[in-house]
Amino acid sequence: MLDLPRWGSVVEDPGPTPWVVVDVEDTPIEPVRRYLVEFTARGNRAGSVRSYAYALLRWWRWLGVREVSWACVTSADVRDYALWLGAATKPGAALRTVSLATAGTVNPITRKAYLDDRYQPRTVRHAMAVLRGFYEFWADLGEGPVVNPVQPAHRGRANLHHNPMEPFRAEGRFRYNPVVPKRRPRTLSDEQWRDVFAALRSHRDRALLALGVSNGARAGELLGLRGVDIDWGEQLVRVIRKGTRAEQWLPASAEAFVWLRLYLADVGPLGPNEAIWRTVRRRDRGTGLAQQPLSYDALRAVFRRVNVALGTNWSMHDLRHTAALRMSRDSNLTLRDVQVILGHADIDTTASIYLFEEDAEVARRVLAHLEQRAAPTLKPPTLARGYNPADMAVLFDGSTP
């Protein structure tokens, strides 16, 4: 098994792309830098650019160990890389300590698996997608391999001769993509939600999580709230959607607004364009002690404290699933309503994820069916002497017992 060296890194850049990949001498890797400039110019977010940069850094390290030039890569090299990702252990900044005993196991309370030190199938698929786009870019410029080494799983253009009576074939599948098992939504029961809420330490955490479980907004969308994004009269919050970057007003529960009011009373007055969520402790970032905007890592720390106290492994995204399932099972809301609130571009995404039957509920109904089948059939009682069958038929609505 190959062990990749730890040279190079992904660093911020003031140039046309927000992130670049540098080598062992802190020099930007030019083929990667030019691709990331193109990737940024196509309107991709900074977070996506950073994700692609890390994927290409790992690929460059792998090419260095194999002593293969990026411009001479073949499909066999991509195949070997996919196989290596499926069997390799991820390098970590530090060895596991607290999570050593739970890595790769399933939590008995949440029934969620803890992450292990292997690359997940979704990571492998992301790596293939990154390489596909990278080599497509250089092929358009007439450089790099003559044939894109990341081959599609099918020949020809997908849906070239599509029959309108049949579903569309999924595009974007590559030859060495691993199968990703479909996962059920990770939802909290009402009792589990009350336990999580009781374990929170501050009004800020209570307000933030109450908003998330009431409208299903993503963590990044909620963390971007400012003073002008709160409509107290209509009980709405305005978020910037993850994919489209469009503004959308979302409803929230009255309870969430109560906790939000209590939190803002503790923080003090904020400007209309200031971030709402602040760190509880004051930190010095070079300008003196002050509260800093709450980051995603700080929000994860909130869940770490809750999970240690409860013996669980919940995350902020589980609250989104919980809100979505609650709405999808409400007879007053249509599937289209749920799609709009969740911000899905396609209603099929909403239906495929959140319209399902719980295994326990299906098992309960099947057991009831089996018990009914096994129950002995009671024979109707016979008429006593002296009763006229015609009169009894009238009495029992046409059927004689």
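Q: Why are helices α6 and α9 called roughly perpendicular in this predicted model?
A: The axes of α6 (residues 203–215) and α9 (residues 296–310) come within 12 Å and cross at roughly 100°. Angles of 65 to 115 degrees count as roughly perpendicular, and α6 and α9 are therefore described in that way.

Q: What makes Arg-278 count as buried or exposed?
A: Buried means under 20% relative accessible area; Arg-278 has 13% relative accessibility and therefore counts as buried. Arg-278 lies in the loop between α8 (254–267) and β6 (283–284). The side chain of Arg-278 reaches the backbone oxygen of Ala-275 at 3.1 Å. Among the residues that Arg-278 touches, leaving aside those up to four places away in sequence, are Arg-204, Tyr-263 and Gln-291.

Q: How many aromatic pairs does the structure hold, and why is the pair of Trp-60 and Phe-134 called edge-to-face?
A: There are 20 aromatic pairs. The ring centres of Trp-60 and Phe-134 are 5.8 Å apart and their planes stand at 90°. Ring centres within 6.5 Å make a pair, and planes over 60 degrees apart count as edge-to-face, so Trp-60 and Phe-134 form an edge-to-face pair. Trp-60 belongs to helix α2 (residues 46–66) and Phe-134 to helix α4 (residues 121–140), 74 residues apart.

Technical notes:
Residues numbered from 1 in each chain as written. Predicted model: local features only at pLDDT ≥ 70, side-chain atom pairs only at ≥ 80, totals over all residues. Heavy atoms only, no water. Axes fitted to C-alpha atoms, helices over the stretch in contact; angles between N-to-C directions. Helix = DSSP H or I, 4+ residues; strand = E, 2+ residues; numbered from the N terminus. Parallel < 35°, antiparallel > 145°, perpendicular 65-115°, else oblique. Buried < 20%, exposed > 50% of the residue type's maximum accessible area, 1.4 Å probe, protein only. Polar contact = N/O pair within 3.5 Å; in protein donor to acceptor, adjacent residues only side chain to side chain. Contact = heavy atoms within 4.5 Å. Phe/Tyr/Trp six-rings, centres within 6.5 Å; stacked < 30°, edge-to-face > 60°.
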